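Here is a short briefing to read alongside the model.

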Amino acid sequence: MADQLIKICGLTTEETIDAAVEAGATHIGLVHFEKSPRHLSIADAAKLRARIPDSVKAVLLTVNMEPKPTAEALQEVQPDVLQLHGKETPEWLSLIKDNSKLEVWKAVGIKDRAALERAEKFKDAAHRLLYDAAAGALPGGNGLALDWRLLLNHRHVMPWGLAGGLGPHNVADAIRYTGAPLVDASSGLESEPGVKDIGKIRAFCEAALAARKAAA
Ligand SMILES: O=C(O)c1ccccc1NCC(=O)[C@H](O)[C@H](O)COP(=O)(O)O
């Protein structure tokens, strides 16, 4: 049985990165988006990236960033994964994917089955789709859940993950209900916007790992 992949997104301190790694996170998301309460400058993202061990993948998250600053950010941060969370096109993702060693993810807001079908246009352009709730005040990180029923009996054409409103209280249900191979959480693991809670990070990882083990 494949391991449960767990992305803890929007970490901004060494302490919470260490806690997420210790709790079993497989991916750590660093957000570079100025309107986000989890925003990191590229310099700070690079510093925190250095704290992430080789056993855990560093995910740099950007939104509609232009090519030149994207290239500069990748050079400085050296992430394992680039997660694009805006209106980026399949052509842009393909260009990055075909000209780098990066794993490229596209986050897509899912409000109905049509949105799921449209997401298939990234099939050959991205390594993984991250299904999230439709954009709210921010493109992501809103603590809003998508309707998991939309994923029932869906024919996934590529690796995928589930995000949106996940936390210790519902991640086991999400895995049982959708079979999500990767789960991703941000605001549900915070004591206030942008401030991660180590107890919630631990509880989230514990619940996700237990649910996957039970499904085996
Ligand atoms: O986390 C943010 O602040 C953010 C801002 C702008 C674009 C994307 C953002 N987060 C992306 C993620 O991968 C989040 O983990 C995902 O949207 C789920 O967030 P949440 O519903 O808060 O768990």
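Seven helices and ten strands make up the secondary structure of the protein. Keep in mind that this is a predicted model.

**Overall dimensions**
- Along the principal axes, the C-alpha atoms of the protein fill a box of roughly 45 × 40 × 35 Å.
- The radius of gyration is 16 Å, which agrees with the value near 17 Å for a compact globule, because that is what 216 residues would give.

**Where the ligand sits**
- The largest cavity is the space taken by the ligand.
- The ligand is surrounded by 25 residues, and the closest are Ser36, Arg38, Asp132, Asp184 and Ser187.
- Three strands, β1 (5-9), β6 (128-132) and β8 (182-185), each contribute at least two residues to the shell around the ligand.
- Sorted by class, that shell holds eleven polar, ten nonpolar and four charged residues.

**Polar contacts to ligand oxygen atoms**
- Arg38, listed among the closest residues, places a polar side-chain atom 2.6 Å from an oxygen atom of the ligand.
- In the side chain of Lys7, an N or O atom is 2.9 Å from an oxygen atom of the ligand.
- Gly143 takes part through its backbone, with an N or O atom 3.0 Å from an oxygen atom of the ligand.

How values were computed. Residues are numbered from 1 along each chain as its sequence is written. This is a predicted model: local features need pLDDT of at least 70, side-chain atom pairs count only at pLDDT 80 or more; totals for chains, interfaces and linings use all residues. Side-chain values use heavy atoms; hydrogens and water are left out. A residue is near a molecule or strand if one of its heavy atoms lies within 4 Å of it. A polar contact is a pair of N or O atoms within 3.5 Å; within protein, one must be able to donate a hydrogen and the other to accept it, and residues adjacent in sequence count only if both atoms are side-chain atoms. On a 1 Å grid over the protein atoms alone, a cavity is a set of points where a 1.4 Å probe fits but cannot get out, and a pocket is an open set with protein on both sides within 12 Å along at least five of seven lines; lining residues have an atom within 4 Å of a point. A molecule sits in a cavity or pocket if more than half of its atoms lie within 2 Å of its grid points. Helices (H or I, at least four residues) and strands (E, at least two) are DSSP runs, numbered from the N terminus. Ala, Val, Leu, Ile, Met, Phe, Trp, Tyr, Cys and Pro count as nonpolar, Asp, Glu, Lys and Arg as charged, and the others, Gly among them, as polar. The radius of gyration is taken over C-alpha atoms; the globule rule is 2.2 Å times the number of residues to the power 0.38.
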